[in-house]
Structure formats: structure tokens, C-alpha cells
Amino acid sequence: KMKICKIPCEGDYDFLLNRENGRWLLTRPKFNADLSSLEKREDHKFRGLDVIVLNTTTKCNLSCSYCLVGDRKQKPINFDWSIGEELIKKCKEHPQKNIVIVYHGSEPLMNFDFIKEFTRYGKKEFAGTEKNIFFSLQTNATKLNEEVLEFLVEEDIEVSFSLDGFQQHNDLTRFYPSGYSSYKDVIKGVELLKKYGKTTFPIVVISKYNLRDLPEIVDDVRKQGFPCIQLTPLESLGNAKGKDLSPDPDLLAEKLIKIYERNFQSALRGEKFKVRNLVNI
């Protein structure tokens with residue numbers, strides 16, 4: 001028999017979980033639920049090429065304390081167009097129907113001309129085929145302006161932005177080379193995204209500086225009307241290597257559990273806010 005764990009929840013629900021395979025469902029306590037769905041155990045299979053992260057450049061206008069690029073920013077390198085052409089060719093040959101390319105960095109908008117040309121080139125190459133190509137941008141938001149927004153809207157490019165919580169948190173990790181705060185410029189860029197009707201969401205790097213306030217940061221993002229948030233625990237690489245910036249693992253677990261419980265309750269209320277990578281963490 002299945003080893004079912006049952007947890008009573010607010011709102012007159014039971015949370016049922018098969019401990020062996022992680023499958024779960026919600027049910028009313030007196031409802032005669034069909035538990036056969038909990039029995040399924042699916043093998044993890046490679047589903048095909050899903051997302052390509054394309055680093056447009058090693059250049060950046062910020063000097064974040066945990067930057068993965070580190071000293072490589074001292075010798076700026078832009079993405080080579082010939083490699084881009086080969087990439088599109090491989091994507092067209094790949095059996096996956098939908099391909100997503102994420103413009104990443106350092107700061108991808110430091111190579112905005114490439115983004116414009118490559119996006120249009122990729123869409124042109126996929127036109128008339130049975131396959132689809134989509135583009136997304138992950139940015140620090142400080143380089144957003146009217147020209148960039150008009151392009152993002154025209155080409156229907158999804159956007160996410162980096163922000164490590166409230167200003168007191170962000171000022172400790174994400175700043176200009178001079179040490180000056182980037183917070184107001186980020187907010188200015190986000191307001192511009194809203195003005196142009198672009199749906200966006202924040203990506204928060206979890207460090208020792210924002211860890212204690214993490215549930216409150218998530219709640220604030222939800223209250224501001226963003227559809228989701230992504231939480232990325234800091235790794236000791238690049239500029240962060242050798243620095244004491246990593247979150248305490250036990251406290252991190254405690255805060256993530258609290259966030260999960262709050263998110264679970266909001267889901268029961270019918271709210272659609274999502275912590276994108278909470279399951280992965």
C-alpha cells in the first residue's frame with residue numbers, strides 16, 4: 001500500500017502526499033478521493049532543448065559584490081555573431097518545437113545593438129517553419145530607456161530584473177563601481193517597464209544581507225502586483241569567492257519553509273502569485 005501522509009489545512013482541506021514519489025493532491029476531508037493518481041511514478045526523461053542562456057557580453061555598468069564574471073569584466077568580450085548564426089542553425093535542426101533564448105550577462109543591454117539584430121535574425125530564420133523561437137531578457141534595469149522599451153514591446157521580449165530586496169539590502173550587494181547605489185535607477189527602469197505594459201518580475205540573489213527579511217521581501221513583491229519572484233541562493237564564485245556573503249543554510253531552510261507555507265496558503269485562496277524556482281531549491 002502507498003505510504004500516504006495527511007496534513008489538515010485551513011479552509012477545510014487535507015493535503016495528501018505519497019512520501020515515496022512526491023506526488024500530492026488537495027481534497028476535502030470527507031470527499032472520497034481517487035488516490036490512484038498518487039501511485040504514478042514517472043521516470044525522469046530528457047524533454048529536449050528548452051532554454052538557451054546567451055551571454056551577450058562580459059561588460060557591465062555595475063560592480064556587484066557577488067558578480068560571477070569577476071575579473072573577466074576587465075577585458076570586455078562581446079558575443080560573436082558567427083557563433084550566433086551557428087546557434088540558430090542548430091536550433092532549427094533540433095526536434096524541439098519551441099526554443100527560448102534568454103539574453104544574459106554581465107549586463108546584456110551593454111550590447112544592445114547585438115540583441116536587436118540577433119532577435120530579428122532569429123525570428124526571420126524561424127519564419128515559415130513549424131517551430132517557434134522566443135526571446136527573454138534578464139537585466140539589472142539601469143540601462144532601460146524609451147528606445148529599449150519600444151524594441152522590447154515591438155519584439156514581444158519577456159523581461160526580468162535583478163533586485164535584492166529593499167533598498168537597504170540592494171545597496172549592500174548591487175552598486176556602481178563608485179560604490180553609489182543602483183536602487184533608484186532600478187526602480188526607474190521598472191516603472192518604465194510598467195508604463196509600456198511589460199509584464200516583469202524580480203530575481204533576488206539570497207545573501208547573508210537579505211536572508212532574515214526574505215519572507216517580507218516576497219510578500220512585498222506579491223503586494224506590488226508582480227506575477228512572480230525568483231529566488232537564487234548566492235554561490236561563492238567570481239567576486240564572491242573568499243567573501244563571507246553566503247546565507248546560513250539552516251536559516252535559509254527556515255525562511256524558505258516559511259515562504260512556501262505562505263505561498264501555499266495564498267494558492268488556496270486562489271491567488272496566482274508564484275515563487276518560480278521554490279520547488280527546485
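## Ground rules

The model is predicted, so local features need pLDDT of at least 70 and side-chain atom pairs count only at pLDDT 80 or more, while totals for chains, interfaces and linings use all residues. Residues are numbered from 1 along each chain as its sequence is written, and side-chain values use heavy atoms, with hydrogens and water left out.

## The whole protein

Along the principal axes, the C-alpha atoms fill a box of roughly 60 × 50 × 40 Å.

Of the 281 residues, 44% are buried, where buried means under 20% relative accessible area, exposed means over 50%, and partly exposed lies in between (1.4 Å probe, protein chains only). Among contacts with a separation of 6 or more, 67% join residues 24 or more positions apart; a contact here means heavy atoms within 4.5 Å.

## Helix α2 and its partner α3

Helix α2 covers residues 112–126. Its 15 residues reach 21 Å from the first C-alpha to the last, close to the 21 Å expected at 1.5 Å a residue (the expected span is 1.5 Å times one less than the number of residues). The buried residues of α2 are F112, F114, I115, K116, F118, T119, G122 and F126, and their cover includes β4 (51–55), α1 (81–93), β5 (98–104), β6 and α3. After α2 comes G128, with a positive phi near 85°.

Two packed helices are described by the angle between their axes and the distance between the axes. For α2 and α3 (residues 146–154), the angle is about 15° and the axes are 12 Å apart. Axes are lines fitted to C-alpha atoms, for helices over the stretch in contact, and angles run from 0 to 180 degrees between N-to-C directions. The two helices are therefore roughly parallel, a label for angles under 35 degrees. On the α2 side, the contact is made by F112, I115, K116, T119 and R120, and on the α3 side by E147, V148, F151 and E154. By class, that contact has four nonpolar, one polar and four charged residues (Ala, Val, Leu, Ile, Met, Phe, Trp, Tyr, Cys and Pro count as nonpolar, Asp, Glu, Lys and Arg as charged, and the others, Gly among them, as polar).

## Loops on either side of α3

A141 lies in the loop between β6 (132–139) and α3, and D156 lies in the loop between α3 and β7 (158–162). Neither is glycine, yet phi is positive in A141, near 75°, and in D156, near 55°.

## Helix α6

Seven of the ten residues of α6 (residues 214–223) are buried, so this helix is largely enclosed by the rest of the structure. Those buried residues are L214, P215, I217, V218, D219, V221 and R222. What covers them includes α4 (167–173), β8 (200–206), β9 (228–233), α7 (249–268) and β10 (274–275).

R222 counts as buried at 19% relative accessibility. Leaving aside neighbours within four places in sequence, R222 is in contact with R262, N263, S266, E271 and F273. Just after α6, G225 takes a positive phi of about 90°.

Terms used: Helices (H or I, at least four residues) and strands (E, at least two) are DSSP runs, numbered from the N terminus. Angles under 35 degrees count as roughly parallel, over 145 as roughly antiparallel, 65 to 115 as roughly perpendicular and the rest as oblique.
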